[in-house]
Amino acid sequence: MRHALVLTVTLLSSPGFAQTDGSFVGRTRFDLDRPEIRQFVEATAAENKLQPLDVYRLLAKAEPQPKIIELITKPAEKVSPWYEYRARFMTEQRVSEGAQFMQEHRARLEKAHRDTGVAPEYVVAIIGVETFYGRITGRYRVLDALATLAFDYPPRAEYFKKELAQFIALAREEEVDPLTAMGSYAGAMGAGQFMPSSYRRYAVDGSKDARRNLFADWDDIIASVANYFQKNGWVAGGPVLAEASLQPDAPVTADPGNLSLNETVAGLKSKGVDFDTEQKATTPVLLIPAETEVGPGYRVGFKNFEVITRYNRSVRYAMAVHDLATSISDRVAVADAARAAKAARLAQRKDSEEAEEPTER
């Protein structure tokens with residue numbers, strides 16, 4: 001396959017891929033003769049009914065990004081206690097902009113709610129946590145990020161090879177330009193930060209334009225986040241979290257790494273965990289640590305909490321989404337009530353003025 005190397009200066013020419021105005025100029029390229037790359041090309045081409053040459057042409061445009069390896073391999077920072085983690089997301093700006101976003105996209109959110117049963121505020125909160133309502137969506141080309149992790153990061157190479165193959169298929173299906181699509185250092189894309197496999201599996205054509213565009217179409221983005229939750233088991237109208245307290249010497253441990261509903265309402269209460277819920281005694285739950293500034297704190301998560309962790313495998317992340325969602329919902333409710341009260345006052349004033357007008361004789 002030595003001929004593949006001469007394609008490093010060739011523009012993408014397959015009709016299945018979107019074109020760009022010029023080639024991407026980078027300092028380095030991948031050695032397309034590497035056995036694992038050749039194997040990837042052959043397998044991806046066969047699975048997606050492509051010509052291997054077309055896959056080589058795309059990979060010839062990918063540029064290794066050493067910074068991505070640094071980001072994914074640097075030692076994990078000390079885990080922040082919950083109250084510090086929460087503070088990063090529960091800012092006045094994020095709440096107020098979330099309320100504004102929810103009001104601006106109310107019709108889209110209500111439609112998604114009707115279609116999926118997913119509460120609108122949780123869709124808004126996901127987008128708020130992930131990309132600050134679509135403003136911060138990533139600064140790496142998705143092609144570079146996925147190729148770098150697929151071919152130069154052995155610990156998770158197999159996972160990222162699959163995602164790279166999914167991205168190649170996605171580029172053809174949804175007319176995503178593989179040379180210009182930007183995302184996170186891990187290859188997540190759009191306002192909802194979907195990985196390619198999630199994009200292909202859960203994205204919805206909310207605008208009915210025969211394309212699933214999670215980069216710029218808010219109908220598609222909102223419908224897709226809601227669909228992701230629904231397909232992962234969201235319970236319409238169900239609870240997410242309950243505040244809890246532990247009786248002294250309660251024989252139970254809150255493990256921050258546990259994401260499974262490994263207890264029941266009755267089971268936790270029998271072990272000295274106090275919390276309010278209208279759910280049945282047999283309802284599956286999990287106990288979550290939620291440290292406060294003055295000491296230990298606890299919460300109980302239900303099925304919908306577990307669904308949020310499917311988006312990001314972290315109980316702190318899911319708690320942040322929940323708290324942001326409830327704050328945004330409360331803010332919107334106050335604004336709606338204020339508008340309704342103002343409208344009522346204006347109507348009352350109009351009625352009073354009409355009643356005071358002299359009767360013509």
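1. A pocket here is an open set of points, on a 1 Å grid over the protein atoms alone, with protein on both sides within 12 Å along at least five of seven lines. Grid points are joined across faces, edges and corners, and the volume is the space filled by probe spheres set on the points; the probe is 1.4 Å.

2. Before going on, a word on the basis of this note: the model is predicted, so local features need pLDDT of at least 70 and side-chain atom pairs count only at pLDDT 80 or more, while totals for chains, interfaces and linings use all residues. Residues are numbered from 1 along each chain as its sequence is written, and side-chain values use heavy atoms, with hydrogens and water left out.

3. Back to the second largest pocket: its lining comprises 14 residues, and Thr44, Glu47, Lys161, Lys162 and Ala165 lie nearest its centre. Lining residues are those with an atom within 4 Å of a point. By class, the lining has 6 charged, 4 polar and 4 nonpolar residues. Asp, Glu, Lys and Arg count as charged; Ala, Val, Leu, Ile, Met, Phe, Trp, Tyr, Cys and Pro as nonpolar; the others, Gly among them, as polar.

4. For the overall picture, the chain has 14 helices and 7 strands. These are DSSP runs numbered from the N terminus, helices (H or I) of at least four residues and strands (E) of at least two. The C-alpha atoms fill a box of roughly 90 × 80 × 35 Å along the principal axes. Of the 361 residues, 48% are buried, meaning under 20% relative accessible area with a 1.4 Å probe, protein chains only.

5. The sheet is worth a look. It is open, with 5 strands in the order E4-E6-E7-E3-E5 and antiparallel pairing. Strand E4 (263–264) and strand E5 (273–275) are the edges, each pairing on one side only. Two strands pair if DSSP finds at least two bridges between them.

6. Now follow E7 to its neighbours. Strand E6 (residues 284–289) is joined to strand E7 (residues 298–301) by 4 bridges; Pro289 has Tyr298 as its bridge partner, and Ile288 stands opposite Arg299. Strand E3 (residues 241–246) is also joined to E7 by 4 bridges, with Ala244 opposite Tyr298 and Ala242 opposite Val300. E3 in turn pairs with E5 over 3 bridges, where Leu246 is partnered by Val273.

7. Aromatic contacts come next. There are 16 aromatic pairs, counted when ring centres of Phe, Tyr and Trp (its six-membered ring) lie within 6.5 Å. Ring pairs link Tyr122, Phe194, Tyr202, Tyr228, Phe229, Trp234 and Tyr311 into a cluster.

8. Two charges sit over rings, a term that asks for NZ of Lys or CZ of Arg within 6 Å of the ring centre and within 35 degrees of the ring normal. Lys269 has its charged end over the ring of Phe275, 5.1 Å from the centre. Arg135 lies over the face of Phe132, at 4.5 Å from the ring centre.

9. Finally, Phe132 itself. This residue is in the loop between helix H7 (120–131) and strand E1 (140–141). Phe132 counts as buried because its relative accessible area is 11%. Its C-alpha atom lies 9.7 Å from that of Gln93, a residue 39 positions away along the chain.

Key: Rings of Phe, Tyr and Trp (its six-membered ring) pair if their centres lie within 6.5 Å; planes under 30 degrees apart count as stacked, over 60 as edge-to-face and the rest as tilted. Buried means under 20% relative accessible area, exposed over 50%, partly exposed in between (1.4 Å probe, protein chains only).
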